[in-house]
Amino acid sequence: METLFEVENLRGGYHRRKDVIKGVSFKIYKQDILGIIGPNGSGKTTLLRLMTRLLNPQAGSLRLEGEDIRCMGLLEFCRKTACVGQDMSINFPFTVFEVVLIGRTPHLKRLQFETKKDLAIARDCLSMTDTSGLSGKYLDELSAGERQRVIIAKALAQEPVLLFLDEPTSHLDITHQIQILDLLKKLNRDNGLTIAMVLHDLNLASEYCNRLVLINEGSIFKEGAPEEVLTYQNIEAVYKTVVVVEKNPISNKPYVILVSGRKHGN
Amino acid sequence: MFAVLLLVIGAALLNGPARIPLRELLLQENRQILNLRLLRVLAAISVGSGLTVCGMVLQAILRNSLAEPYLLGTSSGAGLAAVIAVSIGVSGLYLPFLAFFGAIISIIIVYCLAREQGRVRPESLILSGVVVSIAFHAIMVFVVSISKNEAIYGLAWWLWGSLQVLDPGLLFSVSFVVFSGVCLIYLFAQDLNAISLGEEEAVHLGVRIETVKKILIALVALITSCLVSICGIIGFVGLIVPHMMRLSLGSNHKVLIPIGCLAASIFMITCDIISRSVAGPLEVPIGIITALIGAPLFFILFKRQQKAR
């Protein structure tokens, strides 16, 4: 498989804690769906922030299509990748269409107004995410699921080859969790979009991702297909919780069952 | 809107303590009066456009609807400098320059207080702005209360704002700074749209956020300091006009900035006409008129918007 994005010996973190990520290497293949999983505080979100240039790495390299992203202008990087963050707070009355149109920013020159082409792309993104009917509504009138689809539409308006998402299902009920992940799966299948996302729910990660990276304390604990990563030994070692791993009868993917009241090692 | 602007400019030129018909106004002997009124119109346009655009910028980068141009401490810094200068007997001619330096110094203090590890968080900037403003204001009141210099009460015009600029050269240079500043800010209109969605969102959209923020804050600081040094503190315009524009035009800064300038100019010229004519030959401070007209106008728009939803 062809490599799209390569992380090599990546180290980095924040001003006060510089070593959240301690030497991580992995690859994102073209047209893959990669899931980044791990316990709270293991560095999943930090890793994503390093990969999307919100944070500067201390050491190591990140390459997109073989090119070091630090040699690439931020605008060029944002024409090729997009990121759906954990929450977007908006204080101003933006309509859905306006928000999606802002996704065209990296493609606009200074002082350039959006062209017909930009408007057409924004409309396409709305219909791809099934939000065309919401176009004129204000963002604060939407439900959490609708809102998340609009934010994904905004990211798609950047026309990325690689889409990063940070816990895209975190505030949603099961209907909307499935709806969002089905949408991502469809975009991956129909449009060839490569997806890398941080996920909290192990079973959703197992269902939807082709490959998983299990992070523990800033390093990779295990990487591979869901069957290889989601074993009860791995999960118990990283999450310090007793689980049983069965198979989902429909998809044959691993299914993690929690066992109450038992600490690992008891 | 251009037509409305021309209309109010015309009205402003015709109105004044001395009632002169248009035909006589254009005569040579009345040239002085005409010039004086034209200067006021220029001052009104500069103040309106400058403060409105600065308000829009600060509301977007601080993502706070209560942000206004004086939030960075310009008004209290300039006020303090002016009061100290008058109380130790400095001539009124130097007042604008001292006020300008007071404003710049207070912005530098606010900015340094808010800075941490090379970046400026919006919340810190708001807090340090408020703290510095309150402290400087307190010192200013203190100086006024212990001062034995009568001239200090003459500064009242300054605290409520005035469009009466005595030195045309000074007004021209301030207007020049304001308009170039506004044009430079307009270059960042799309960046402001992206920043309205959040700082991290803006980075994901390719905006070099810390650099852009520094440039914008510097421009806002320069514009407000210039304006406050010649016109005093004209409240409400920089807060209310941006909101009225957002309510009626949406949130695209590429549209908001130019139309906002037009609307603010119309608003300021109208307020100036009222401030000169409401109490006969006496002039009501313009800051009072902007607040008295702005508040109900805003309220009407706000209610209509709520109903439309």
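Biologist: Where is the place of B:F101?
Modeller: B:F101 lies in helix α5 (residues 95-114) of chain B; helices are DSSP runs of H or I with at least four residues, strands are E runs of at least two, and both are numbered from the N terminus. This is a predicted model, in which local features need pLDDT of at least 70, side-chain atom pairs count only at pLDDT 80 or more, and totals for chains, interfaces and linings use all residues. Residues are numbered from 1 along each chain as its sequence is written, chains are lettered from A and ligands numbered from 1 in the order in which they are written, and side-chain values use heavy atoms, without hydrogens and water.

Biologist: Is B:F101 buried or exposed?
Modeller: B:F101 is exposed, at 52% relative accessible area (exposed means over 50%, buried under 20%, partly exposed in between; 1.4 Å probe, protein chains only).

Biologist: Turning to chain A, what is the strand order of the open sheet?
Modeller: The six strands follow the order β6-β7-β8-β3-β9-β10, with mixed pairing; two strands pair if DSSP finds at least two bridges between them.

Biologist: Which strands stand at the edges?
Modeller: β6 (81-84) and β10 (219-224) of chain A do; each has a single partner strand, so one side of each lacks a neighbour in the sheet.

Biologist: How many bridges join β3 to β9 in chain A?
Modeller: Four bridges join strand β3 (residues 33-37) to strand β9 (residues 211-216), and the two run parallel. Across this pair, A:I36 stands opposite A:V213 in β9(A).
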